[in-house]
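Trainee: Could we take a close look at a single part of this one? I'd like to go through it slowly.

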Amino acid sequence: MAGDDDRIVVGVDGSEPSRAALAWALQQAELTHASVEAVIAWEFPVFSVGQVLLPPEDPESIAARVLAEAVTATAGDRPVEVRQRVVGGHPAQTLIDAAHGARLLVVGNRGLGTFSAALLGSVASYCIQHASCPVVVVRGPTG
């Protein structure tokens, strides 16, 4: 089992770039005998119904399901320890906090944000600027 310093933290949000980042992190972990900590963050988006603001139905369970599906689809039978973490909070800060003491932080070049033409999303950009460990940005499938 890898120690805390041997963790590779990877941000997963269900997007294709985040799945590519997870695949890259798994391959790197296999090569370097590290463990992978797959992290998904969620926040309460608020929906307006008239004058009442409603949170979505159980966002933590939705996030856990998205993470589990991505890990199951990507990890296969690789001999890598993968821990899954579901954290309430802003994705960028959540990843920065999770990566403290890690060997590496891996993110997709952009996630599920609304500006899909961006080459680099806001979470990836924030992580590059603020992480206390090296950051790898993996570009998702193009086309």
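Which residues does T74 touch, not counting residues up to four places away in sequence?

Mentor: First, this is a predicted model, where local features need pLDDT of at least 70, side-chain atom pairs count only at pLDDT 80 or more, and totals for chains, interfaces and linings use all residues. Residues are numbered from 1 along each chain as its sequence is written, and side-chain values use heavy atoms, with hydrogens and water left out.

Now, T74 touches R19, L22, A23 and L26, a contact being heavy atoms within 4.5 Å. T74 sits in helix α2; helices are DSSP runs of H or I, at least four residues, and strands are runs of E, at least two, numbered from the N terminus. T74 counts as buried because its relative accessibility is 19%, and buried means under 20% relative accessible area (1.4 Å probe, protein chains only).

Look across at α1 next. Its buried residues are P17, S18, A21, L22, A25, L26 and A29, and their cover includes β1, β2, α2, β5 (82-88), β6 and β7 (135-138). Just after α1, H33 takes a positive phi of about 60 degrees.

Methods
Buried means under 20% relative accessible area, exposed over 50%, partly exposed in between (1.4 Å probe, protein chains only).
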